[in-house]
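Here are my comments on this entry, written for someone who is meeting it for the first time. Please read them with the structure open.

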Amino acid sequence: MLDYQVFHTIPWGMRIAIYFWLVGASAGSFVISSLGWVFGVKKYKPIALPASITAIILLLIVPIILIADLGKPERFWYLLRPDFWHASSPMAWGTLLISAYPGAMLIYSWFVYKENEFQAKVWGILSIILAVSTHWYTGVVMELNPSREINHTSLAPILFLTGAFVSGIGFLIIVLFIRNFFLPADKQVGAEMFAGMGRLMAWGLVFDLFLIFSEFLQMSYGTGDEIVALKHILLGVFSFQFLWLEVIFGIIAPLIILFSSFGRSLTGIVAASILVDIGVLAMRQWWTIGGQYLQTYFQ
Amino acid sequence: MPERSFGLQAPPSLGAPGKKRYAMVVDLRRCIGCMACVLADKAEFEVPLGVWRTWVSVRTVGQYPHVKKHFLPRLCNHCDDPPCVRSCPVQATYKHEEGFVLQRYERCIGCRACMVACPFNARHFLPKKRSNPNLPTNVVDKCTFCFHRVSQGFAPACAQTCVGRARIFGDINDPNSEVAKLVAANSTIVLKPEMGTKPQIYYIMPNQKSMSQEVGLLEEPADVKEDRKAHREHFGLYF
């Protein structure tokens, strides 16, 4: 008690974690939207427009959160000033991506609405590249901080993209499910479509589980700081978010639902989607805050 | 000097002939933990409550009657390859060619990417309200190695006030300077050399045992945990 201690706070908090979730869900929804028009899976064509509109709406919330998070919100346009632009900063590139991505999606959605096959494909390819890059960037911006042991792994962008894929499909399933109540019976999204999306989400979850296992394995055989990180964060402060919300409720429970007979019913798929979305949000939270939390121990 | 001349990171000047590279040696054998450096720094820059440009980390080791206190004065390492500079999206932070890592408040947007990038927690975020309205708020701030003093031939406030002469400041590229002589004659360490940032605060350790005590992540004693909890309740976990 007589010792004078100095503690530090965490620079990036919950707003950044929510932003990662929003960009991820947006990219995941857009992947489903592009399946029909870009990759030629005809079955998904009818939901291309609601999927891309969901993606656009999710992404339009992002700048509001990010600008509100700045210390000087009125200076946000400095990020776009060519004379201030700094090529070695991941955030400078991220700004370009976040600015370009909704625009490309809007043009794509317009051509999908007009059913212009060629233009929709061209803009769809551009948008899907931007969607993946925008979400890849969120992994990169956390990864390129060597002192944040948890975040500093080249798996980060892949983990983020897998989370984006599953949370995007999950969010889209919930949106389409609610949308069905407002549509006449002949225009509703069929059970077959939901089952297809549920299947895609299930395989995404399997891959997610594999990535988390790889990361866990590497950290448990890692350097001193990595082992401390594992102990303090994954099994200590953030074990509720990591172990319970992400792994058990966010991955294992939905997997059991989706691969059981309950997962063939619409209720099962929607329940799994809700669990997956909560799990991915929890992952964004411990991933963002956890790495920095451990850093505050360095005095 | 024109705005853009050193907007991007100045090249590393450690050991470059004809260039100055300011550095600091902290002789832990001489530090008595009086915190005069912290106070001098607070006074020099009107550093607000809850944040520090420099601070002294204290650890009590051993058990009664063989108890010792270890002190570790901390400040920005003014790295030769600073990660904060490369992370800033608007070039608000830059490395001066003589080694100072400085902040341009009029450019900073407060995104805190530099704080996330710094392995040493050397940066802090200024609060919304300050007692002096002319000072910047809501932007990131850091130790400047007292650029305003050094450029006029004075030592930094913390080095100037240090009663034990534990903090010694100078040009490490000049072989006749005190810092260069101390680094040459003693076994020194820098914090977290594995981060590859080439820190320019050299520590002379009091003994071999304390090296492992001072540096790195450790299990905290119960009283420190309590203090940490109180701090979090007061200031919150994150910005």
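The points below take up the interface and then chain B.

1. This is a predicted model, in which local features need pLDDT of at least 70 and side-chain atom pairs count only at pLDDT 80 or more, while totals for chains, interfaces and linings use all residues. Residues are numbered from 1 along each chain as its sequence is written, chains are lettered from A in the order in which they are written, and side-chain values use heavy atoms, with hydrogens and water left out.

2. At the interface, 58 residues of chain B are in contact with 48 residues of chain A (heavy atoms within 4.5 Å). The two chains bury about 5,200 Å² between them, with 55% of it on carbon and sulfur atoms; this is the accessible area (1.4 Å probe) lost on putting the two parts together, summed over both.

3. Across this interface the rule finds one salt bridge (a side-chain nitrogen of Lys or Arg within 4 Å of a carboxyl oxygen of Asp or Glu). The side chains that meet in the salt bridge are those of A:D69 and B:R112, at 2.8 Å from N to O.

4. Chain B is made of 239 residues, and its C-alpha trace spans about 60 × 45 × 30 Å along the principal axes. Buried residues make up 58% of chain B (under 20% relative accessible area, 1.4 Å probe, protein chains only).

5. Among contacts in chain B between residues at least 6 apart in sequence, 60% join residues at least 24 apart.

Conventions: Buried means under 20% relative accessible area, exposed over 50%, partly exposed in between (1.4 Å probe, protein chains only).
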